[in-house]
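Please open the model in your viewer and keep the selection tool at hand.

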Amino acid sequence: MKHELPHYNIGSSYGGNQEWFAGLSMRLGGCAAETACECCIYLDKYKGTQLYPFDKNNITKAAYSRFGNVMKPYLHPRLSGIDRLSIYLDGFGRYLRDRGSGITLEGVEGSEDYETAKQRLTAQLDSGIPVPYLCLTHSNPRFKEYEWHWFLINGYDDSDGSFKVKAVTYSAFEWLDFGELWHTGRARKGGFIIINV
């Protein structure tokens, strides 16, 4: 079965892009903030929340950049990056509380076994909520562009016997084998975030 969540476009761009953020540090290291912005806009558009401080029906590059500035104090770039789920949970959690949303977050660490991770990811997507995902270092060069990077997962496909996920980053998406992505071959793991609406 193939299951994809709806998304949104800004012009021809599939969602937003951290390269639109103001300041070099956010353009280079604003991926965590970018996934939080994406989730806020998604939840406003499809779940009726009020997390995006601008017009959800007229999202522009300029407004998206301003939203990055709003999110920056919560998930600001740092030398080591936002390299632990706990940093993301704290920062994005504070933003959600400051907006009075009642939404809570929890992390699924990269050390979790594959089947449990797959079940949690699938359940979150089946509930209609996208998943912020952190990949740290990876032994497979296939995932080089995803190393030390936060991106969004907003779909899965198990129709051919494998289990692929739809990875969204830099205004584009591609399908990745989740087993290959999850099994990094490294001691230090990333993981993903569950959003409880």
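**First stop: the largest pocket**

This is a predicted model. Begin with the lining of the largest pocket, which by class has nine nonpolar, four polar and three charged residues. To find the place, select Leu28, Gly29, Cys31, Gly81 and Trp148, which lie nearest the centre of the pocket among its 16 lining residues. Next, colour helix H1 (24-29), helix H2 and strand S6 (149-157), the elements that give two or more residues each to this lining. The space in the largest pocket amounts to about 220 Å³.

**Second stop: H2 against H3**

Two packed helices are described by the angle between their axes and the distance between the axes. Select H2 (residues 31-47) together with helix H3 (residues 61-71). At what angle do H2 and H3 pack? The angle is about 115°, and the axes are 10 Å apart. H2 is therefore roughly perpendicular to H3. The crossing of these two helices, H2 and H3, is right-handed.

Now show the side chains at the contact. On H2, select Ala33, Glu34, Ala36, Cys37, Glu38, Cys40 and Ile41; on H3, select Tyr64, Phe67, Gly68 and Met71. Sorted by class, the residues of this contact between H2 and H3 comprise eight nonpolar, one polar and two charged.

Which residues of H2 meet H4? They are Ala32, Thr35, Ala36, Cys39 and Cys40, and their partners in H4 are Tyr88, Phe92 and Tyr95. The contact of H2 with H4 includes seven nonpolar residues, one polar residue and no charged residue.

Rolling a probe the size of a water molecule over the atoms shows where empty space is left. How many cavities of 30 Å³ or more does a search of the whole structure find? The search finds one. The space in the largest cavity is about 60 Å³.

Of the elements, S5 gives the most to the lining of the largest cavity, with three residues. By class, the lining of the largest cavity consists of six nonpolar, four polar and one charged.

Methods:
Residues are numbered from 1 along each chain as its sequence is written. This is a predicted model: local features need pLDDT of at least 70, side-chain atom pairs count only at pLDDT 80 or more; totals for chains, interfaces and linings use all residues. Side-chain values use heavy atoms; hydrogens and water are left out. Axes are lines fitted to C-alpha atoms, for helices over the stretch in contact, and angles run from 0 to 180 degrees between N-to-C directions. Helices (H or I, at least four residues) and strands (E, at least two) are DSSP runs, numbered from the N terminus. Contact means heavy atoms within 4.5 Å. Ala, Val, Leu, Ile, Met, Phe, Trp, Tyr, Cys and Pro count as nonpolar, Asp, Glu, Lys and Arg as charged, and the others, Gly among them, as polar. On a 1 Å grid over the protein atoms alone, a cavity is a set of points where a 1.4 Å probe fits but cannot get out, and a pocket is an open set with protein on both sides within 12 Å along at least five of seven lines; lining residues have an atom within 4 Å of a point. Grid points are joined across faces, edges and corners, and a volume is the space filled by probe spheres set on the points. Angles under 35 degrees count as roughly parallel, over 145 as roughly antiparallel, 65 to 115 as roughly perpendicular and the rest as oblique. A crossing is left-handed if the near helix is turned anticlockwise from the far one by less than a right angle, and right-handed if clockwise.
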